[in-house]
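User: I would like to learn how to read domain layout and helix packing from a set of coordinates. Could we work through one case together?

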Amino acid sequence: MPENHSYPLTVNGALPNDPNISATIIDTISKLNLSQMETENLSDYLFSTDFFEAPASTRYHLCCPHGLACHTLNVMNAIRPLSFQFGLDINRAVLVALLHDLCKCDFYETFSINFKERDRSRFGKDRVYTDYQGDFIWSQKRAYKVNEAFHYGHGEKSALIATTFLNLDLTPFECQAIRYHMGDFVNLPETSQVYAKNGLALALHIADLYASSSLDLSAEECEKYNILL
Ligand SMILES: [Fe+2]
C-alpha cells in the first residue's frame, strides 16, 4: 500500500462562483506597492478584457465561467508560503502569480457541441442512450474553445502584455519566471537550468502546478457542482 502523503502547503482553493474574487484580486493589487500608474493599468486591463469571466482551460481545471480569475487567485495564494520558503519578496511573487496567465484574456470563445446522451448512473457503467429504432439520442451543450488573436507563445505572451501593454516595471528574473512557469508542460530543455538560477520561476511553476492540480476544481467537479458553461 502506498503511503498517503499530504501536500506540504495548506491553502484552500477559491471557488469560481465566489462573488468576492474580483474584489479580492483588485484589493490585493492595491497592496503590492506598485506605482499608481501600474495599479491603474493592471486593474483597467483586467476589467477591459474577459479576465473575470473567462475559464482557466477548455476542458481541464476550472473550465467554467470565472475560472481564470479563480485559478489566478489560487496561484497567488499558493505562492505566498513558497515565497517565505524561497526567500522571495512576497509582493513581487504575488504579482508574477497574478500576471502569469494574462495570455488567456480574450483567448477563449464559446460554441455549441453535439453529444450523445449517456447513462452514467448505473454501477459506474457508461451506456449510450438510443431511441426505439436504435439511433443515438443527441443533445447540445455549450463549450469553450481557443480563439487566439495574437500568437506569441503562452508565458511569453503574458510577459509581453505585462511589460508592453501594462508598462509594468518587471525585472528580467520576473519576466523569466512568467515566461518559464509551465515547467515540463512545454518541452524546453533549458527549463531546469532556469529553475536552478531563478527561485521565483520555480516557485511560480510549483504554485501554478499545485493550484491547477489540487486547488482548482477539475472538469468533473465543475460538472458535479453544475457550474459548467
Ligand atoms: Fe496558470
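Analyst: Domain bounds come from an automatic or database domain assignment. The model here is predicted, and its domain assignment gives domain 1, made of 21–107 + 148–224, and domain 2, spanning 112–142.

User: How far apart do the C-alpha centres of domain 1 and domain 2 lie?

Analyst: The C-alpha centres of these two domains are 38 Å apart.

User: How should I read the packing of helix α3 and helix α8?

Analyst: Angles of 65 to 115 degrees count as roughly perpendicular and those over 145 as roughly antiparallel. Helix α3 (residues 67–86) packs with helix α8 (residues 199–215) at about 135°, their axes being 8 Å apart, which means that α3 is oblique to α8. The crossing of α3 past α8 is right-handed.

User: Which residues of α3 and α8 meet?

Analyst: From α3, the residues include His71, Asn74, Val75 and Phe86, and they meet a set in α8 that includes Gly199, Asp208, Tyr210 and Leu215. By class, this contact of α3 with α8 has 12 nonpolar, 5 polar and 1 charged residues.

User: At what angle do α1 and α3 pack?

Analyst: Angles under 35 degrees count as roughly parallel. Helix α1 (residues 21–30) packs with α3 at about 45°, with 10 Å between the axes, and the two are therefore oblique to each other. In this pair α1 passes α3 in a left-handed crossing. The contact joins Ile21, Ser22, Thr24, Ile25 and Thr28 of α1 with Ala69, Cys70, Thr72, Leu73 and Met76 of α3, and its residues divide into 6 nonpolar, 4 polar and no charged.

Notes. Residues are numbered from 1 along each chain as its sequence is written. This is a predicted model: local features need pLDDT of at least 70, side-chain atom pairs count only at pLDDT 80 or more; totals for chains, interfaces and linings use all residues. Axes are lines fitted to C-alpha atoms, for helices over the stretch in contact, and angles run from 0 to 180 degrees between N-to-C directions. Helices (H or I, at least four residues) and strands (E, at least two) are DSSP runs, numbered from the N terminus. A crossing is left-handed if the near helix is turned anticlockwise from the far one by less than a right angle, and right-handed if clockwise. Two residues are in contact if their C-beta atoms, placed from the backbone, lie within 7 Å. Ala, Val, Leu, Ile, Met, Phe, Trp, Tyr, Cys and Pro count as nonpolar, Asp, Glu, Lys and Arg as charged, and the others, Gly among them, as polar.
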